[in-house]
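Welcome, and thanks for taking a look at this one. Please have the sequence and the model open side by side as you read the briefing below.

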Amino acid sequence: MKKIKKKGFTLIELLAVILILGIIALIAIPTITKILDESKMEAFSSSTTEIAKIIEQECQVSIIKNKRMVTEYRFEYGKSIPSIPVKGQLPDKGYAVVNKDCQVSFNLENNEYLSTKTYEEDTVNVINKKKSKVYGLKWDSSLPEGDANQYIR
(Lines give C-alpha, C1' and ligand atoms only; values in the text may rest on other atoms or scores of the structure.)
Protein backbone atom coordinates (compact mmCIF):
# COMPACT_ATOMS: atom_id res chain seq x y z
CA MET A 1 0.00 0.00 0.00
CA LYS A 2 1.18 3.44 -0.90
CA LYS A 3 1.63 6.04 1.85
CA ILE A 4 -0.06 9.39 1.26
CA LYS A 5 2.12 12.36 2.18
CA LYS A 6 0.21 15.06 3.97
CA LYS A 7 1.21 18.60 3.15
CA GLY A 8 0.70 21.41 5.66
CA PHE A 9 1.37 22.29 9.25
CA THR A 10 0.04 20.72 12.41
CA LEU A 11 -1.96 22.71 14.93
CA ILE A 12 0.97 22.60 17.37
CA GLU A 13 3.33 24.09 14.78
CA LEU A 14 0.88 26.91 13.99
CA LEU A 15 0.37 27.68 17.69
CA ALA A 16 4.14 27.77 18.22
CA VAL A 17 4.57 30.28 15.39
CA ILE A 18 1.72 32.45 16.73
CA LEU A 19 3.27 32.34 20.22
CA ILE A 20 6.68 33.39 18.87
CA LEU A 21 5.12 36.26 16.89
CA GLY A 22 3.25 37.38 20.02
CA ILE A 23 6.47 37.45 22.04
CA ILE A 24 8.23 39.45 19.32
CA ALA A 25 5.30 41.92 19.27
CA LEU A 26 5.46 42.29 23.08
CA ILE A 27 9.12 43.24 22.78
CA ALA A 28 8.86 45.42 19.66
CA ILE A 29 5.72 47.50 20.30
CA PRO A 30 6.98 49.38 23.41
CA THR A 31 10.29 50.07 21.67
CA ILE A 32 8.58 51.40 18.56
CA THR A 33 6.21 53.51 20.69
CA LYS A 34 9.17 55.00 22.59
CA ILE A 35 10.96 55.82 19.32
CA LEU A 36 7.83 57.53 17.95
CA ASP A 37 7.36 59.57 21.15
CA GLU A 38 11.00 60.67 21.12
CA SER A 39 10.70 61.65 17.45
CA LYS A 40 7.61 63.76 18.13
CA MET A 41 9.30 65.44 21.08
CA GLU A 42 12.44 66.15 19.04
CA ALA A 43 10.32 67.58 16.22
CA PHE A 44 8.55 69.92 18.66
CA SER A 45 11.89 70.94 20.15
CA SER A 46 13.31 71.69 16.69
CA SER A 47 10.19 73.64 15.77
CA THR A 48 10.32 75.84 18.87
CA THR A 49 14.08 76.35 18.48
CA GLU A 50 13.49 77.49 14.90
CA ILE A 51 10.76 79.87 16.07
CA ALA A 52 13.20 81.40 18.58
CA LYS A 53 15.84 81.86 15.84
CA ILE A 54 13.33 83.54 13.52
CA ILE A 55 12.20 85.91 16.29
CA GLU A 56 15.84 86.76 17.09
CA GLN A 57 16.52 87.47 13.40
CA GLU A 58 13.47 89.72 13.11
CA CYS A 59 14.65 91.61 16.20
CA GLN A 60 18.12 92.10 14.72
CA VAL A 61 16.67 93.26 11.39
CA SER A 62 14.46 95.80 13.15
CA ILE A 63 17.48 97.16 15.05
CA ILE A 64 19.50 97.44 11.82
CA LYS A 65 16.63 99.20 10.06
CA ASN A 66 16.04 101.37 13.15
CA LYS A 67 12.41 100.25 13.37
CA ARG A 68 10.24 99.62 16.37
CA MET A 69 11.06 96.18 17.77
CA VAL A 70 8.32 93.74 18.75
CA THR A 71 9.00 92.39 22.22
CA GLU A 72 6.04 90.04 22.63
CA TYR A 73 4.70 87.23 20.46
CA ARG A 74 1.59 85.29 21.36
CA PHE A 75 0.70 81.86 20.04
CA GLU A 76 -2.94 80.85 19.97
CA TYR A 77 -4.63 78.02 18.08
CA GLY A 78 -1.62 77.41 15.81
CA LYS A 79 -1.15 81.08 14.84
CA SER A 80 1.25 83.76 16.04
CA ILE A 81 0.43 87.35 16.88
CA PRO A 82 2.18 89.19 15.29
CA SER A 83 2.70 86.80 12.42
CA ILE A 84 6.14 85.26 11.91
CA PRO A 85 7.39 83.65 8.68
CA VAL A 86 7.78 80.05 9.73
CA LYS A 87 7.07 76.86 7.82
CA GLY A 88 5.18 74.10 9.49
CA GLN A 89 2.76 74.04 12.36
CA LEU A 90 3.01 76.62 15.14
CA PRO A 91 2.38 75.77 18.81
CA ASP A 92 -1.21 75.77 20.06
CA LYS A 93 -0.60 78.32 22.79
CA GLY A 94 2.09 80.23 24.59
CA TYR A 95 4.21 83.32 24.38
CA ALA A 96 7.69 84.50 23.48
CA VAL A 97 9.34 87.61 24.89
CA VAL A 98 12.35 89.37 23.36
CA ASN A 99 14.70 91.55 25.41
CA LYS A 100 16.68 94.56 24.16
CA ASP A 101 19.64 92.29 23.26
CA CYS A 102 17.40 90.21 20.96
CA GLN A 103 17.45 87.22 23.30
CA VAL A 104 14.27 85.16 23.34
CA SER A 105 12.50 83.59 26.28
CA PHE A 106 9.39 81.49 25.75
CA ASN A 107 6.81 79.01 27.00
CA LEU A 108 5.14 77.22 24.10
CA GLU A 109 2.93 74.17 24.08
CA ASN A 110 0.87 71.89 21.92
CA ASN A 111 -1.47 69.11 23.00
CA GLU A 112 1.40 66.83 24.15
CA TYR A 113 4.49 68.90 24.93
CA LEU A 114 5.60 72.01 26.79
CA SER A 115 8.70 73.80 25.55
CA THR A 116 10.52 76.43 27.60
CA LYS A 117 13.58 78.61 27.18
CA THR A 118 14.93 81.47 29.27
CA TYR A 119 17.16 84.31 28.12
CA GLU A 120 20.23 82.71 29.69
CA GLU A 121 19.74 79.24 28.18
CA ASP A 122 21.00 78.20 24.77
CA THR A 123 18.94 75.02 24.76
CA VAL A 124 15.21 74.44 24.65
CA ASN A 125 13.68 72.28 27.38
CA VAL A 126 10.78 70.08 26.30
CA ILE A 127 8.65 67.89 28.54
CA ASN A 128 5.83 65.52 27.74
CA LYS A 129 2.87 66.96 29.65
CA LYS A 130 1.06 63.63 29.87
CA LYS A 131 4.01 61.60 31.16
CA SER A 132 5.75 64.07 33.45
CA LYS A 133 5.07 64.78 37.08
CA VAL A 134 4.30 68.43 36.34
CA TYR A 135 1.36 67.42 34.17
CA GLY A 136 -1.79 68.33 36.00
CA LEU A 137 -0.42 71.63 37.28
CA LYS A 138 -2.20 74.52 35.64
CA TRP A 139 0.26 76.25 33.38
CA ASP A 140 -0.45 79.96 33.07
CA SER A 141 0.36 81.11 29.55
CA SER A 142 -0.04 84.78 30.42
CA LEU A 143 2.98 87.03 30.24
CA PRO A 144 4.84 88.09 33.35
CA GLU A 145 3.56 91.39 34.66
CA GLY A 146 5.14 94.37 32.96
CA ASP A 147 6.16 92.55 29.76
CA ALA A 148 2.86 92.62 27.93
CA ASN A 149 2.64 94.71 24.75
CA GLN A 150 5.86 96.63 25.39
CA TYR A 151 7.92 97.93 22.55
CA ILE A 152 11.32 99.53 22.50
CA ARG A 153 12.94 101.89 20.00
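A residue is called buried when its relative accessible area is under 20%, exposed when it is over 50%, and partly exposed in between. I24 has a relative accessibility of 49%, so it counts as partly exposed. Please keep in mind that this is a predicted model. The protein holds 1 helix and 8 strands, and their order along the sequence is α-β-β-β-β-β-β-β-β.

**The protein as a whole**

- The protein has 153 residues, and 28% of them count as buried.
- Its exposed surface comes to about 11500 Å², with carbon and sulfur atoms supplying 59% of that area.
- Among contacts with a separation of 6 or more, 47% are between residues 24 or more positions apart.

**Helix α1**

- Helix α1 covers residues 11-64, and I24 sits in it.
- From first C-alpha to last, the 54 residues of α1 reach 78 Å, which is close to the 80 Å expected at 1.5 Å a residue.
- You will find a bend of about 25 degrees at A28, with a proline, P30, following within four residues.
- I24 also belongs to a nonpolar surface patch, together with V17, I20 and L21. The accessible area of this patch is about 380 Å².
- Which residues of α1 are buried? They are D37, F44, S45, T48, I51, A52, I54, I55, C59 and S62.
- The cover over these buried residues includes strands β1 (69-70), β2 (72-76), β4 (93-98), β5 (104-109), β6 (113-117) and β7 (125-128).

**Salt bridges**

- Side chains of opposite charge can pair when their charged atoms come close.
- How many salt bridges does the model contain? The count comes to 2.
- One of them joins the side chains of R74 and E72, with an N to O distance of 2.9 Å.

**The loop between β6 and β7**

- T123 is located in the loop between β6 and β7.
- Leaving aside residues up to four places away in sequence, T123 touches T116 and K117.
- The C-alpha atoms of T123 and T49 are separated by 8.0 Å, although these residues are 74 residues apart along the chain.

**Backbone details to check**

- Most residues other than glycine have a negative phi, and most peptide bonds are trans.
- Where is N66? It lies in the loop between α1 and β1, just after α1.
- The phi of N66 is near 55 degrees, a positive value in a residue other than glycine.
- Is N66 buried or exposed? With a relative accessible area of 60%, N66 is exposed, because the cut-off for that class is over 50%.
- Y77 has a positive phi of about 55 degrees as well, and is not a glycine either. This residue is found in the loop between β2 and β3.
- Y77 has a relative accessible area of 75%, so Y77 is exposed.
- I81 and P82 are joined by a cis peptide bond, with omega at about -5 degrees. P82 is in the loop between β3 (79-81) and β4.

Terms used. Residues numbered from 1 in each chain as written. Predicted model: local features only at pLDDT ≥ 70, side-chain atom pairs only at ≥ 80, totals over all residues. Heavy atoms only, no water. Helix = DSSP H or I, 4+ residues; strand = E, 2+ residues; numbered from the N terminus. Buried < 20%, exposed > 50% of the residue type's maximum accessible area, 1.4 Å probe, protein only. Contact = heavy atoms within 4.5 Å. Areas by Shrake-Rupley, 256 points an atom, 1.4 Å probe, with all protein chains shown as cover. Patch = residues over 30% accessible without salt bridge, like charges linked within 9 Å, V, L, I, M, F, W, Y side chains within 5 Å. Salt bridge = Lys/Arg side-chain N within 4 Å of Asp/Glu carboxyl O. Expected span 1.5 Å × (residues − 1). Bend = angle between axes of the 7 residues up to and from the residue.
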